[in-house]
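My notes follow in the order in which I looked things up.

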There are 2 protein chains.
Amino acid sequence: MAVTSSTPETYERLRAAILSGSLEPNERLVEADLVRSLEASRGAVRGAIARLDHEGLVVHERNRGAKVRRVSLEEAVEILEARAALEGIGAREAARRADPDAIARLRAVLARMRTRLADGDLLATSELNGELHARILRIAHHATVERLVESLSSQLVRYQYRTILIPGRAGASLAEHAAILDALEMRDGDAAEAAMRAHLDRVTDALRTAGDGR
Amino acid sequence: MAVTSSTPETYERLRAAILSGSLEPNERLVEADLVRSLEASRGAVRGAIARLDHEGLVVHERNRGAKVRRVSLEEAVEILEARAALEGIGAREAARRADPDAIARLRAVLARMRTRLADGDLLATSELNGELHARILRIAHHATVERLVESLSSQLVRYQYRTILIPGRAGASLAEHAAILDALEMRDGDAAEAAMRAHLDRVTDALRTAGDGR
DNA sequence: GGCGGCAGCATTATCAACAATCCAGCCAAC
DNA sequence: GTTGGCTGGATTGTTGATAATGCTGCCGCC
């Protein structure tokens, strides 16, 4: 055993640990500890930290080590605004490329969302929400936008369950998603972009009213 | 002296070397050489390469080292599309915040652009173009968008002088910029975003017709 | 002439030891 | 009681050595 994992592998694991919440915001990332828990070489850990620092998930101060970055509400709003712009482009492109088959699969996800919501399972609803967005982006076939959105979204993990808890928000979200799918189905790029932007603008509003929660 | 520079410093220097073109696309980045030329420790060089890899300026293959990444025309178009969306947001925000003083400074840059173009100095014109965009983004006060656009733009260095060489393109660009400034002056966010998007869409068209040039 | 294998070289990845730095706690002086 | 400086421990940053890997050129064989 003791297979020391390579840098990209270490990066993925550390990233997953942060996103899953098993490493709390502001928690210090001590290299020696990570070497043990991630079973990687120290060099790999350092490389992973450098990447995550660059990505914005971690802050690294010279001679003082790294810690999980805590994004403020203001930053979260900024990030969502950027995401809205990018996903808008993604939706536009997806409208150009979406075939009936793809649309059907998207509708299936939406339907599952609807039933989960009816069950009161907000957590599952929120996860399906993420899946829907990811699928649309996949259809868009736009590597740059996909990569950027993925990076931005990862910084919002701590806020992702917050908006859906607002009374009435989940239902509204469902309707907004339906509007997006309608635009995709009609292959109307302008409408798809507008619907996606509108949706994420509503999410932003919701986030603002929800507050930063701690 | 021979003060070994720290990781962020090394990152900046290496990045600058790539952007300035003193390191060609596909050129191998040999760690030992960089240690000498950048006067940094090996760890710092490795960290810098990891960041640049993550950023997309460099490709790194395990056990085979890193080389300057060559972005294809298709990628350049993608990147420009993403930039258009983000700078659109930036322009919208800038319209909200721009005071007459800031507008005046932007107009001054545009005026300089006009005279440079009249002189036939396309290189200077292109640089002022970059400055204008950067200033607008600065006014927007949107750290996330600014960071992302900076990162995206850096990947387009090899294409930045290409579009302006197209006959008539420089003049059109000037008019498009003027339209953006008009919208900012009227503090019309919608118009500013639309003008910025339109401008960058034109740049994309120009890039497509210019071809990848090698 | 072309192809597969082999050896040597160049380079990267890892490891371990060392140096530099920072931080917490303590103590003394005011 | 508070402030200032010191000291020990913990942690990161750097360096040299070593292992692993990939590549290139050569040679013999077909």
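**Entry 1: around DNA strand C**

I began with DNA strand C: it has 14 residues around it, and S41(A), N63(A), V30(B), E31(B) and G65(B) come nearest. I count a residue as near a molecule or strand if its C-beta atom, placed from the backbone, lies within 6 Å of it. Two or more residues of this surface come from each of α3 (42–55) of chain A and α2 (31–38) of chain B. My elements are DSSP runs numbered from the N terminus, helices being H or I with at least four residues and strands E with at least two. By class I noted 3 nonpolar, 8 polar and 3 charged residues near DNA strand C. In this scheme Ala, Val, Leu, Ile, Met, Phe, Trp, Tyr, Cys and Pro are nonpolar, Asp, Glu, Lys and Arg are charged, and the others, Gly among them, are polar.

A reminder to myself: this is a predicted model, where local features need pLDDT of at least 70 and side-chain atom pairs count only at pLDDT 80 or more, while totals for chains, interfaces and linings use all residues. Residues are numbered from 1 along each chain as its sequence is written, and chains are lettered from A and ligands numbered from 1 in the order in which they are written.

**Entry 2: around DNA strand D**

Next I looked at DNA strand D, which 14 residues surround, with V30(A), E31(A), G65(A), S41(B) and N63(B) the closest. The elements giving two or more residues here are α2 (31–38) of chain A and α3 (42–55) of chain B. I saw that α3(B) gives the most, with 3 residues. The classes near DNA strand D are 3 nonpolar, 7 polar and 4 charged.

**Entry 3: how the two chains relate**

What rotation superposes chain A on chain B? I found 180 degrees, with 0.1 Å of shift along the axis and an RMSD of 0.1 Å. That is how a two-fold axis relates its copies.

I then looked up the contact itself: 21 residues of chain A touch 22 residues of chain B, where contact asks for C-beta atoms, placed from the backbone, within 7 Å. On the chain A side, α3, α4 (73–97) and α7 (143–154) each supply at least two residues. The most come from α4(A), with 8 residues. That side divides into 9 nonpolar, 6 polar and 6 charged residues.

**Entry 4: the sheets**

In chain A, 3 strands make an open antiparallel sheet in the order β1-β3-β2. Its edges are β1 (28–29) and β2 (58–61), each with a single partner strand, so one side of each has no neighbour in the sheet. I followed β1(A) to β3 (residues 65–68) of chain A, an antiparallel pairing over 2 bridges; a pair needs at least two bridges in DSSP. L29(A) is opposite A66(A) in β3(A).

Chain B also has an open antiparallel sheet of 3 strands, ordered β1-β3-β2. There I noted R28(B) opposite K67(B) in β3(B).

**Entry 5: domains of chain A**

Last, I checked the domain assignment, which gives domain 1 (7–68) and domain 2 (73–210) in chain A; such bounds come from an automatic or database assignment. Their centres, taken over C-alpha atoms, are 29 Å apart. I found 5 residues of domain 1 in contact with 5 residues of domain 2. The domain 1 side has 3 nonpolar, 1 polar and 1 charged residues.

Terms used
Copies are superposed by least squares on the C-alpha atoms of residues with pLDDT of at least 70 in both. Two residues are in contact if their C-beta atoms, placed from the backbone, lie within 7 Å.
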